[in-house]
Amino acid sequence: MFVIKSLLLQGLSRGFTIHSIQGFVSTIFLVEYPHKLLLLDSGCASDVARVKSFITERLKRPMADLRLVVVTHCHPDHQGCWLYGFENTPLGGAHLYSKDHGIKIAAPSNINTWYDGILGVVQHRLDISLGYYVKACQRFGFLMALPLLPMLFMAAWLPYWSYYPRCLRFDHPLHDGQTLPGFDEWNVIAIPGHTSHMVSLYHKPSKTLYTSDLMVQPKPGGKFRMPLPVNFPSLMHTTLSWLQREVLVETLLLAHGGEQAVNAFPAVVSKLQGQLQNDTRSLLVSKIISLPTRETRRVNAELCGGRAWTHPR
């Protein structure tokens, strides 16, 4: 069973409905137009059946209506389902993103640098185990799930568990400031910090921002929190400052928290910036679960070399 909610943004005049599907770890958003569908991140491998069932059974629409899948960054709860576009594996839900249906994949142009090198291979398996650990925390609580982490890391090296590849084959490279192919009202915004390449998606007419993992809300109605890990605190600070200054937001779509109406987005961002400066425990955890991969060393070398990152816009 899976939980589905639907939000009709600003009435029928906007011309689309946003459906939220509760996936294995994260919330997956499906944007429904009269003649096409847009998926905001692909979810985990086990979410294939959920998404496919919702499209074909709840919406009574063919999979060919899914015109674009956007992958905002390479973590397993955002990229994991992509595997099924190219292989019929025994993990279920094969061909969800098959090119037989004409479905295209869009992703940040530099997404495949994240897991480069030997430490990138290890980080990839660590991220798989952390995905399962997040699910265990949701079910059992943080302290009860903590002893499972070493076992999950070992299991992540098993063929059956390593359910998504390190490198992504995609059709449309995404850059900051461009619009989504076939969905011109959705704008791509670079939001590095959690990773070096993560993007968000902004629908300006309805002031709706899909944040990906820029922020999370662990408990319904609770506080907005920083994601884990924050690999690049200085980049995260620049990202938050730019969004606070330049983007008007009335509705947040959180991969970990669902749809949220906000009256004072700048105040939300200010609190996140305060956490970034003062929450030393979260920053310490970020360092523990993030390895010095080739990509993180490259970015940190640029930052330490005095090359301050400014938002492209």
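Which residue in strand 3 does His19 stand opposite? The residue is Leu30. The structure described here is a predicted model, in which local features need pLDDT of at least 70, side-chain atom pairs count only at pLDDT 80 or more, and totals for chains, interfaces and linings use all residues. Residues are numbered from 1 along each chain as its sequence is written, and side-chain values use heavy atoms, with hydrogens and water left out.

The protein has 313 residues, of which 53% count as buried; buried means under 20% relative accessible area, exposed over 50%, and partly exposed in between (1.4 Å probe, protein chains only). Its secondary structure comprises nine helices and 13 strands, where helices (H or I, at least four residues) and strands (E, at least two) are DSSP runs numbered from the N terminus. Among contacts with a separation of 6 or more, 67% are accounted for by residues 24 or more positions apart, a contact being heavy atoms within 4.5 Å. The accessible surface is about 14200 Å², and 58% of that area belongs to carbon and sulfur atoms; these areas come from the Shrake-Rupley method with a 1.4 Å probe, and for residues only the protein chains shown count as cover.

Strand 2 and strand 3 form a hairpin with four residues between them. The two strands pair in the antiparallel sense over six bridges (strands pair if DSSP finds at least two bridges between them). Five of the six residues of strand 2 are buried, so this strand is largely enclosed by the rest of the structure.

Leu30 also belongs to the largest nonpolar core, which has 27 residues; Leu30, Leu39, Ile55 and Leu66 touch the most other members. A nonpolar core is a set of buried Ala, Val, Leu, Ile, Met, Phe, Trp, Tyr and Cys residues joined through side-chain atoms within 4.5 Å. Two or more residues of this core come from each of strand 3 (27-32), strand 4 (37-40), helix 1 (48-58), strand 5 (66-70) and strand 6 (104-108). Helix 1 gives the largest share, three residues. A second, separate core of 25 residues includes Ile191, Met226, Leu243 and Phe265. In soluble globular proteins, nonpolar side chains tend to be buried together.

Six aromatic pairs are counted. Rings of Phe, Tyr and Trp (its six-membered ring) pair if their centres lie within 6.5 Å; planes under 30 degrees apart count as stacked, over 60 as edge-to-face and the rest as tilted. The ring centres of Phe16 and Trp186 are 6.2 Å apart and the planes are at 50°, so this pair is tilted. Phe16 lies in the loop between strand 1 (4-7) and strand 2 (17-22) and Trp186 in strand 9 (residues 183-190), so that the pair links distant parts of the chain, 170 residues apart. Phe16 is buried, with a relative accessible area of 2%, and Trp186 is buried at 0%.

Tyr33 and Phe183 form another tilted pair, at 5.6 Å centre to centre and 50° between the planes. This pair, too, links distant parts of the chain: Tyr33 is in the loop between strand 3 and strand 4, and Phe183 is in strand 9, 150 residues apart. Tyr33 is buried with a relative accessible area of 9%, and Phe183 is buried at 1%. Ring pairs link Phe16, Tyr33, Phe183 and Trp186 into a cluster. Lys36 lies over the face of Tyr33, 5.4 Å from the ring centre, and its charged end sits over the ring of Phe183, 4.4 Å from the centre. A charge sits over a ring if NZ of Lys or CZ of Arg is within 6 Å of the ring centre and within 35 degrees of the ring normal.
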